[in-house]
Amino acid sequence: MTLMTRFGLMGALALAACKGEDDKRDAAGGTAGDAPDLTVDLDEDGFTEDEDCNDQDASVSPGADEVCDGIDNNCDGDIDEDDAIDAATFFADSDGDGFGDAEAPVASCELPAGAADNAEDCDDTDATLSPETEWFADIDGDNYGDPDDVQQSCEQPSGYVIDNNDCDDTDATSNPKTAWFADLDGDGFGDPLDVLESCVQPEGYVANSDDCSDADATISPNTRWYADSDMDGYGDAEMWVEQCEPAVGFVRNSEDCDDADAAASPVTPWYADSDGDGYGNPMVSIAQCEQPAGHVANSDDCADSDASRNPRTEWFADLDLDGYGDLAAVTEQCLQPIGSVENALDCDDSDGTLSPLTQWYADADTDGYGDEGSVTTQCEPVTGAVRVGGDCNDADVEINPDTQWFSDTDSDGYGDPSAVEISCEQPEGAVRNSEDCDDTDATMHPDTRWFADIDGDGYGDGAASIQSCVQPSGYLTDSTDCDDSSAAVNPAATELCDGIDNDCDASSMEDGMAAFVGATGISDVTSSFSSGAIGAPVAYTASTAGQINFCAGDWYTNIEIEADVTIQGFGGAALQGESTAPVVGIYTDGIDVVIADVNLSGGVGAGFSYYTGGGGLLCDAISSVTMEDVVVTGNTGNGANAGNGGGIAVSECTLDIIGGSIDSNSASSGGGIFVTQGTVTMTDAYVGGNTASTGGGVAISETATTSSFDMVDSIITGNTASGQGGGMYVLGFGTAADVTCTGSTANGAGITDNASSQGGGVYAYATAFTLQSDTCDWGAAGTSDSNSPDDIYLYNYLSGSAFYSAYRADESFTCDAATPSCI
């Protein structure tokens with residue numbers, strides 16, 4: 001608009017100048033048609049019209065300054081040339097980007113071509129660089145910028161580029177120069193020969209060029225090639241490589257089941273072996289790598305429904321045509337040869353009578369005749385068999401068709417040698433032997449048994465016999481004597497209580513009988529005891545040496561022994577006291593007493609020494625007593641739970657207890673056993689379930705001499721004392737009391753499971769007391785067989801010192817009340 005205004009003003013000025021020129025000419029007397037006067041200076045600018053290019057304008061003359069007004073001010077023929085005094089400064093714009101080079105200014109009235117009205121270009125040789133140049137962030141440094149992150153600047157900012165074609169400025173591998181490779185087969189791997197550059201992944205292209213065959217999707221760098229060691233065209237699934245190009249010695253498939261065998265592959269034919277003979281049917285097959293069930297590799301079978309027919313079938317020559325072949329003449333083939341059979345059972349192929357159908361009869365008795373009921377059909381001869389039958393008893397060489405039979409008229413099994421018949425089967429009323437000495441008497445024959453009568457009581461010994469046709473001297477036909485060494489024992493004898501079956505009749509019992517065995521023999525003494533009853537026992541004094549036998553039953557008696565006497569029980573005899581006296585009392589010095597296999601119960605103790613007691617047995621004498629397998633039970637010391645030694649009391653006596661038990665007795669002290677100045681030895685015995693105030697099981701009291709109590713493989717258990725010493729209580733005033741407990745790891749002997757207020761196992765109130773434990777059981781803390789509250793409690797009443805401790809099974813140690821201690 002400015003340029004147009006300028007030219008419009010100049011046009012108006014020119015018209016006005018022309019009009020003024022005409023006016024001047026008119027004033028000078030000329031006319032418009034007259035020739036001009038070129039010497040005239042119409043505009044009075046000092047230049048005539050012939051010098052002035054516009055003599056109508058005083059500002060235009062050869063001497064005027066050129067100005068930028070669209071007029072040739074200095075009449076040099078050029079308008080608005082670059083040296084116009086008001087010419088503007090422009091800057092070269094060599095690269096035509098609209099921004100000039102500050103180092104190349106250009107003066108001109110108007111913007112010249114190739115110039116710019118500014119000097120803002122930083123590189124005028126590059127049209128792409130100007131203040132308006134847009135730079136794009138290149139975060140990933142791939143020289144391609146992010147079109148959404150732009151700055152304008154002439155100079156390149158750090159981290160920016162001029163290209164804005166990056167499609168992912170976080171990934172340097174993704175830009176317009178990114179190479180994409182055709183993936184025609186769609187396997188994810190590109191063809192290196194078919195490449196396209198693009199920022200965005202073109203459809204059908206991938207970033208890698210790893211495909212070696214882009215026309216086959218099954219071939220790529222991930223293609224597995226399987227080793228084909230046997231070169232059968234099938235690969236081993238367990239040995240492979242992954243690569244694009246084929247590997248030498250490898251194939252694409254993994255279908256080989258045995259790559260060491262070229263014969264085994266998916267095309268391997270397998271032939272049906274229906275009969276399981278190892279040979280296949282050539283007409284029925286399948287192809288696969290692994291052998292299918294019921295198929296084999298060969299097709300050599302000629303009869304697949306018959307396992308006995310195959311190329312290995314043996315055919316044997318049958319020269320004698322008996323249907324059985326010769327093992328030594330064999331041919332192997334599938335089809336049957338003429339003159340051969342499939343079996344090799346002929347033992348002689350030259351003899352048609354010998355074959356597997358030949359019958360052999362067992363001849364167990366080797367009499368030359370076979371048992372037709374025991375036949376073996378086979379070709380070869382049978383050991384112990386013959387071809388001839390007819391034997392009616394093949395267990396007896398004497399019985400066959402040639403056997404002789406003798407008449408047995410008296411039917412005693414023995415024949416008359418003068419009456420004979422020949423036959424295999426036994427004729428009625430005949431036997432094989434001819435040994436009868438009297439065929440009219442059936443009791444007289446060689447098998448008649450005679451029994452010895454050594455004691456001459458008229459009764460024979462069934463265990464001592466001989467056989468004879470004639471009666472031997474000293475022998476009888478009777479065999480009912482049960483003891484042929486004693487004439488007093490036989491079926492006619494009287495039964496006695498002596499543990500012997502006197503009358504040889506096991507059904508006649510000795511129960512309720514008693515006997516005395518002395519120097520003159522045995523006598524029945526049942527009447528001496530049978531009058532005893534509950535609450536009224538018989539008092540009996542045994543003053544004669546011997547043995548009193550009590551057979552099964554309850555005997556209510558109190559026996560006082562004054563001589564060497566044995567009390568022997570049979571069948572569970574029980575002696576019941578039932579009074580104020582002991583069941584058995586011994587008060588005589590110097591005697592030996594044995595009590596065996598009886599029960600002593602219901603007795604009440606009597607007075608002895610300083611004490612009362614011994615309900616079952618009281619031995620108050622310097623004598624010796626042996627108890628074997630005796631049960632002492634339910635006795636008291638003296639009155640209910642009083643006295644000493646409810647079961648047994650010993651004073652100055654030596655007592656040896658072998659087996660048996662002392663149980664469920666009661667007393668004030670020593671519920672089971674009480675000992676004072678005596679010696680007791682227990683072997684394999686049991687003391688249990690007894691009660692007392694002190695010494696529930698055993699009590700030992702010393703006043704003058706030493707007592708000893710020895711346990712060997714025995715047990716004191718389950719006894720109770722309301723005071724001290726559940727198992728054993730020892731009271732010693734100066735004199736010694738010695739106790740030993742000897743056991744083993746196998747028998748469980750010891751002092752266990754007893755209870756009291758102190759010394760559940762053993763309590764000793766003494767100054768001279770020793771206890772020796774040798775592999776003895778004391779229980780274990782926390783177990784059911786522990787004594788309560790402790791196993792051993794020692795109290796030395798002189799020093800006032802006490803010791804108590806607990807022990808376990810199979811313990812060995814020594815205790816001394818003098819210390820007191822156990823080590």
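Analyst: Happy to! Let's begin with one term: a contact means heavy atoms within 4.5 Å. With that in hand, among contacts in the chain between residues at least 6 apart in sequence, 54% join residues at least 24 apart.

User: Thanks. Where does this model come from, and how are residues numbered?

Analyst: This is a predicted model, where local features need pLDDT of at least 70, side-chain atom pairs count only at pLDDT 80 or more, and totals for chains, interfaces and linings use all residues. Residues are numbered from 1 along each chain as its sequence is written, and side-chain values use heavy atoms, with hydrogens and water left out.

User: How many helices and strands are there?

Analyst: The chain has two helices and 61 strands. Both are DSSP runs numbered from the N terminus: helices are H or I with at least four residues, strands are E with at least two.

User: Is the chain spread out or compact?

Analyst: The radius of gyration is 73 Å, well over the 28 Å that the globule rule gives for 823 residues, so the chain is more spread out than a compact globule. That radius is taken over C-alpha atoms, and the rule is 2.2 Å times the number of residues to the power 0.38. Along its principal axes, the C-alpha trace spans about 225 × 115 × 40 Å.

User: How much of the chain is buried?

Analyst: Of the 823 residues, 44% count as buried. Here buried means under 20% relative accessible area, exposed means over 50%, and partly exposed is in between (1.4 Å probe, protein chains only).

User: And what about the surface?

Analyst: The accessible surface of the chain comes to about 38700 Å², and 51% of that belongs to carbon and sulfur atoms. Accessible areas come from the Shrake-Rupley method with a 1.4 Å probe; for residues, only the protein chains shown count as cover.

User: Let's zoom in. Where is Asp 371?

Analyst: Asp 371 sits in strand β20, which covers residues 371-377. Asp 371 counts as partly exposed because its relative accessibility is 24%.

User: What does Asp 371 touch?

Analyst: Leaving aside neighbours within four places in sequence, Asp 371 is in contact with Tyr 361, Ala 362, Asp 391 and Asp 394. The side chain of Asp 371 also reaches the backbone nitrogen of Gly 373 at 2.8 Å. That is a polar contact, meaning a pair of N or O atoms within 3.5 Å; within protein, one must be able to donate a hydrogen and the other to accept it, and residues adjacent in sequence count only if both atoms are side-chain atoms.

User: Switching topic: where are the cis peptide bonds?

Analyst: One of them runs from Ser 788 to Pro 789, with omega near 10°. Pro 789 is in the loop between β57 (769-776) and β58 (792-796). A cis peptide bond also joins Thr 819 and Pro 820, with omega about -20°, and Pro 820 lies in the loop between β60 (811-816) and β61 (821-822).

User: Which residues have a positive phi without being glycine?

Analyst: Asp 80 is one of them, with a phi of about 50°. Asp 80 lies in the loop between α1 (2-27) and β1 (88-92), and with a relative accessible area of 14% it is buried. Asn 143 has a positive phi too, about 70°. Asn 143 is in the loop between β4 (134-137) and β5 (146-152), and at 54% relative accessibility Asn 143 counts as exposed.
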